[in-house]
Amino acid sequence: MEEAEKIKVKSVVPFGNAPFFEKIGFIAVLVGVFLAPIFFIPSASFPFQFGKVLLIALATLLAFGCFILARLKEGAIQLPEKIFMASAVLLVSANFLAAIFSGNVAWSMTGQGFEVATFVSIFAMVALLVVTATLFQSRDKIFLSYAAFLVVALIIFAFQAIRLVFPAGLTFGGIFSGTTASLIGRFNDLGIIFGAVALLSLATTELLTLSKFFKICLLVVLAIALVVLVIVNFSIVWWAVASFALILFVYLWVIKQAVVNQNGVQSVEGATPTSVNKRKISYAALAVLVIASIFIADNFTQNRPLGSII
């Protein structure tokens, strides 16, 4: 019991105090996963998704190897929760059985080497998921991954803005030939990425205690994400964003916050603390909900006036 407790503590140590191989594995995952959206091989001879899949596969292989070496050096293996591991095993097993009974086993297993729906790709993604869940457990690691995601999103936004203003620029030999071509792949994929950026920015702004500077930065990122969502105008993403904004708004409105002495100052000895219940109105969540609802309603109209203008 004591040994299990020690292992649990080791898995959540800060990044600076983590073992060497664990640091390498963390960096490999961080670089691989967050560079994949903007990574591509600038040659028409290679499929566009090939470079992304190759980068993620190499990052997964390196991270998994470092994870095994780190665990062997410590003499113990710490895995995520049993429910998480069971879900991962079921996912791999279901894809394996589907590939076996698909009628074309070789194609379902490997494809041409860069598809994302083959068994090999699913297995690699699940392995990456398990390694990521094991390595990303401390606050500083989660913060670094979140910051990396936002930086990559801003790079994608800058690239797409240049492509929209100067369609003939940054074509890289015809790889990006149209105004809707993006670093992610399909234009709707761009909406999915910035939908996630909008949700993360909104949740972080409303649920965490941040300095004024960081809160302003996140609100700017949220505004950029909404601009991209308006340009892409993908209805499924609008529904997801509206649902999350509604849940967050209701959550913050219903939860009562106790304020000590009404002025937020800690009470002194002998003083009777006064509890005041107030509800927090999330204007950011409300604004996101209104914008998303407008475009959802526009998608239901026959002429789609907003969509036609954009």
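In which kind of crossing, left-handed or right-handed, does helix 3 pass helix 6? The crossing is left-handed, and this briefing will walk you through the residues behind it. Keep in mind as you look around that this is a predicted model.

**The nonpolar cores**

- The largest nonpolar core has 56 residues, and those touching the most other members are I156, L190, F194, V197, L202 and L229.

**Helix 3 and helix 6**

- The axes of this pair come within 9 Å and cross at roughly 50°.
- Helix 3 and helix 6 are therefore oblique to each other.
- On the helix 3 side, the contact is made by I56, T60, A63, F64 and F67, while helix 6 brings A124, M125, A127, L128, V131 and T134.
- Sorted by class, the residues of this contact are nine nonpolar, two polar and no charged.

**Helix 7 and helix 8**

- Here the packing angle is about 135°, and the axes of helix 7 and helix 8 lie 11 Å apart.
- That angle makes helix 7 oblique to helix 8.
- Helix 7 passes helix 8 in a left-handed crossing.
- Helix 7 takes part in the contact through Y146, F149, L150, A153, I156, F157 and Q160, and helix 8 through L190, I193, F194, A196, V197, L200, S201 and T204.
- This contact has 12 nonpolar residues, three polar ones and no charged ones.

**A serine to look for: S145**

- Is S145 buried or exposed? S145 has a relative accessible area of 11%, and because buried means under 20%, S145 counts as buried.
- You can find S145 in helix 7.
- Leaving out residues up to four places away in sequence, S145 touches L30, F34 and F136.

Key
Residues numbered from 1 in each chain as written. Predicted model: local features only at pLDDT ≥ 70, side-chain atom pairs only at ≥ 80, totals over all residues. Heavy atoms only, no water. Core = buried A, V, L, I, M, F, W, Y, C linked by side-chain atoms within 4.5 Å. Buried < 20%, exposed > 50% of the residue type's maximum accessible area, 1.4 Å probe, protein only. Axes fitted to C-alpha atoms, helices over the stretch in contact; angles between N-to-C directions. Helix = DSSP H or I, 4+ residues; strand = E, 2+ residues; numbered from the N terminus. Parallel < 35°, antiparallel > 145°, perpendicular 65-115°, else oblique. Left-handed = near helix turned anticlockwise from the far one by under 90°. Contact = heavy atoms within 4.5 Å. Nonpolar A, V, L, I, M, F, W, Y, C, P; charged D, E, K, R; others polar.
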